[in-house]
Amino acid sequence: MTEAEVIERIDSSLAEEFELDRTDMTAEANIYEDLGLDSLDTVDMVIVLEGAFDFKIREEEAIRAIRTLGDIHRFVLGKVTENS
Amino acid sequence: MQYDSIIIGAGLSGLTSALLLARSGRRVLVLEQHPQPAPVVRGFSRDGFYFDSGFHYAGGLAADGPFRPLFRHLGLESKLELFPFAESGFDRLQISATGETFSLPVGFAAIKAQLGKQFPAVQAEIDDYLDEIAGKWSNFPYLNLDTDIADFGIQTVHGASLQERLQVFSAYPQLQSLLSMHSLLYGVTPEVAPVSLNAQVAGSYYHSVHGIVGGGRALVAALLELLAAAGGEVRCRARVTELLVADAAIKGVRLADGEELSAAEVLVTINPAQLPELLSPGVLRPAYLKRLKNLRQTGSAYIIFAKSRRPLEFLHRSNLFIQPQAGVFTADTDCPLQERPFYLTAADQGQGEVRGLIGVVPAGYAEVAEWAAAGMRQAEGYRAHKQRIGEQLLELFAANCPELAELELLELATPLTLRDYSLAPAGAIYGVGRFLGQYNPHPVTRLPGLFLSGQAIAAPGLLGTLVAGYLTCGSILGHEYLRGEIKACC
């Protein structure tokens with residue numbers, strides 16, 4: 001999968017599962033302030049990403065550090081590279 | 001009608017939550033769709049015998065047990081009479097293939113000493129394992145009144161499975177059996193069960209083991225009395241069909257007959273997989289709804305209720321687990337009944353002679369699925385199936401225990417019975433399980449005023465369901481407030 005394909009899969013999964021507007025989903029968008037997620041959504045986000053990429057996420061610190069959509073892209077790209 | 005809090009489900013978590021909220025000054029109503037409260041736990045009588053159907057024994061209730069303060073805080077301590085299980089062997093294991101038997105005595109130190117005597121080569125590993133279990137179980141929120149209550153625990157859903165943890169004992173399959181047999185009491189096979197789940201259930205029993213005189217029926221009666229005294233109401237035959245939402249917050253519920261009841265808080269204690277059906281589209285996000293629907297459920301079982309012509313002294317205050325071959329337990333149902341492990345306990349053993357027997361054997365829903373449709377439980381084929389299963393199980397019990405040669409079958413619960421009483425998908429005996437890698441739901445939802453409780457959010461059993469009530473009410477009333485009240489009772 002290319003980097004662009006990974007990013008597209010992340011964005012489309014999150015848009016569908018969290019009913020987000022794709023036009024708001026820039027890499028700089030803060031997932032809490034701009035996209036309206038809250039701490040209760042974090043687990044749902046982990047489950048959506050696990051389902052979309054068929055991997056398990058155990059990196060609690062990295063997940064807690066996520067602030068922007070770009071952070072999610074970088075985190076998932078790192079895991080995809082690691083697993084390939 | 002206007003309430004502060006409506007609780008859906010009059011099971012142990014629902015009644016516990018109702019009691020805690022009513023005592024905090026709220027006007028509370030519990031709605032139960034069955035004709036009587038706590039249909040799973042209240043048990044039933046047949047032929048003059050009382051049988052428990054949901055509660056058998058509880059761990060951690062000794063005078064110094066971490067569960068005792070919750071019992072006292074709720075007011076159950078003074079309403080119920082507890083009796084201890086046998087010190088020398090509250091649970092026993094029998095391996096069918098060899099006829100070997102083993103006992104677990106009460107108390108971590110006694111278990112270490114006994115297992116060390118039987119398996120001296122691994123005494124150090126046994127000690128390490130039991131220390132780990134002791135540490136984990138007593139650190140459970142509300143048993144440890146100071147532990148952090150994590151709202152997001154990646155670490156807690158990953159980690160070693162019970163099966164992996166017991167690999168250290170692979171040269172001693174009987175020891176693996178003894179340390180994994182309690183998996184039958186939480187319905188998750190050790191291959192996918194977190195060690196922490198086993199700690200929460202088995203660890204509480206390792207600490208101390210009690211029954212309640214009068215069983216689940218007495219427990220439910222006590223909770224109902226306490227709730228009535230606190231001003232809480234319970235309404236049965238009241239099936240909720242919809243959660244009402246306005247201005248992005250919960251507003252109440254609608255019942256099957258169209259009646260609407262309003263409340264600022266609604267606590268849902270039913271199987272969380274069924275919550276999405278109660279909500280209009282768009283109230284909660286697809287990610288959350290899918291997560292609830294996809295929660296993995298525990299397996300199901302046949303539960304036999306029989307009477308013995310002879311007293312069942314050998315089961316008095318001492319349960320028996322039977323396993324075909326030694327090794328880590330499985331609850332595999334892709335095999336004949338004769339090859340499955342099972343659990344035997346005496347009915348109504350709080351007082352007098354014991355002659356009622358309860359046997360629990362893992363079962364797959366597929367075994368009864370052809371009669372799953374409404375009304376099919378009256379079908380001739382289903383009755384014949386039950387008759388056949390009942391006879392096979394009585395034979396199996398007698399083949400393993402000569403003491404059980406003179407049993408008469410009174411009732412047999414199947415996965416369909418469990419489905420209808422607990423309303424769990426596929427008759428899941430312990431509802432949603434705690435599986436490795438699975439995030440069980442949090443008591444707080446994104447919809448203001450909507451909360452979840454029940455064993456899915458904590459653990460099964462009396463301990464798990466009561467703790468779930470505290471976790472949910474702590475999320476509403478403040479954990480520090482509730483824990484402060486409990487500390488004042490210690």
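Contact here means heavy atoms within 4.5 Å. By that rule, 24 residues of chain A are in contact with 18 residues of chain B. This is a predicted model, in which local features need pLDDT of at least 70, side-chain atom pairs count only at pLDDT 80 or more, and totals for chains, interfaces and linings use all residues. Residues are numbered from 1 along each chain as its sequence is written, chains are lettered from A and ligands numbered from 1 in the order in which they are written, and side-chain values use heavy atoms, with hydrogens and water left out.

## The interface

Buried area is the accessible area (1.4 Å probe) that two parts lose on being put together, summed over both. Chain A and chain B bury about 1900 Å² between them. Carbon and sulfur atoms carry 55% of that area. On the chain A side, Glu17(A), Leu40(A) and Glu60(A) lose the most area to chain B. Together they make up 28% of what that side buries.

Polar contacts come next. A polar contact is a pair of N or O atoms within 3.5 Å; within protein, one must be able to donate a hydrogen and the other to accept it, and residues adjacent in sequence count only if both atoms are side-chain atoms. Nine residue pairs are in polar contact across the interface of chain A and chain B, with both residues at pLDDT 80 or more.

Which elements of chain A give two or more residues to the side that touches chain B? They are helix 1 (3-18), helix 2 (41-53) and helix 3 (60-65) of chain A. Helices (H or I, at least four residues) and strands (E, at least two) are DSSP runs, numbered from the N terminus. Helix 2 of chain A gives the largest share, eight residues.

The residues on this side of chain A divide into 10 nonpolar, two polar and 12 charged. For this count, Ala, Val, Leu, Ile, Met, Phe, Trp, Tyr, Cys and Pro are nonpolar, Asp, Glu, Lys and Arg are charged, and the others, Gly among them, are polar.

## Salt bridges

A salt bridge is a side-chain nitrogen of Lys or Arg within 4 Å of a carboxyl oxygen of Asp or Glu. Six salt bridges cross the interface of chain A and chain B. The table lists examples from the model.

| Side chains | N to O distance |
|---|---|
| Lys290(B) and Glu16(A) | 3.9 Å |
| Arg446(B) and Asp38(A) | 3.5 Å |
| Glu77(B) and Arg68(B) | 2.8 Å |
| Glu132(B) and Lys136(B) | 2.8 Å |

Take Arg446(B) and Asp38(A), which meet in a salt bridge. The pair crosses between chains. Arg446(B) sits in the loop between helix 12 (415-422) and strand 19 (450-452) of chain B. Asp38(A) sits in the loop between helix 1 and helix 2 of chain A.

Are these two buried or partly exposed? Buried means under 20% relative accessible area, exposed over 50%, and partly exposed in between (1.4 Å probe, protein chains only). Arg446(B) is partly exposed at 32%. Asp38(A) is partly exposed at 27%.

Within chain B, Glu77(B) is partly exposed at 25% relative accessible area. Its partner in the salt bridge is Arg68(B). Arg68(B) is buried, at 18%.

Glu132(B) and Lys136(B) lie four residues apart in helix 4 (residues 123-137) of chain B, so about one helical turn separates them. Glu132(B) is partly exposed at 24%. Lys136(B) is partly exposed at 33%. Elsewhere, salt bridges that share partners join Asp38(A), Asp41(A), Arg285(B) and Arg446(B) into one network.

## Chain B as a whole

Chain B holds 14 helices and 19 strands. Its radius of gyration, taken over C-alpha atoms, is 22 Å, close to the 23 Å from the globule rule for 490 residues, so chain B is as compact as a globular protein of that length. The globule rule is 2.2 Å times the number of residues to the power 0.38. The C-alpha trace of chain B spans about 65 × 55 × 45 Å along its principal axes. Of the 490 residues of chain B, 59% count as buried. Among contacts in chain B with a separation of 6 or more, 73% come from residues 24 or more positions apart.

Ser204(B) is found in helix 8 (residues 195-207) of chain B. Ser204(B) counts as buried, at 4% relative accessibility. Leaving aside neighbours within four places in sequence, Ser204(B) is in contact with Gly59(B), Gly60(B), Trp137(B), Ala199(B) and Leu463(B).

Ser13(A) belongs to helix 1 of chain A. Ser13(A) also counts as buried, at 14% relative accessibility. Not counting residues up to four places away in sequence, Ser13(A) touches Val48(A) and Ala52(A).
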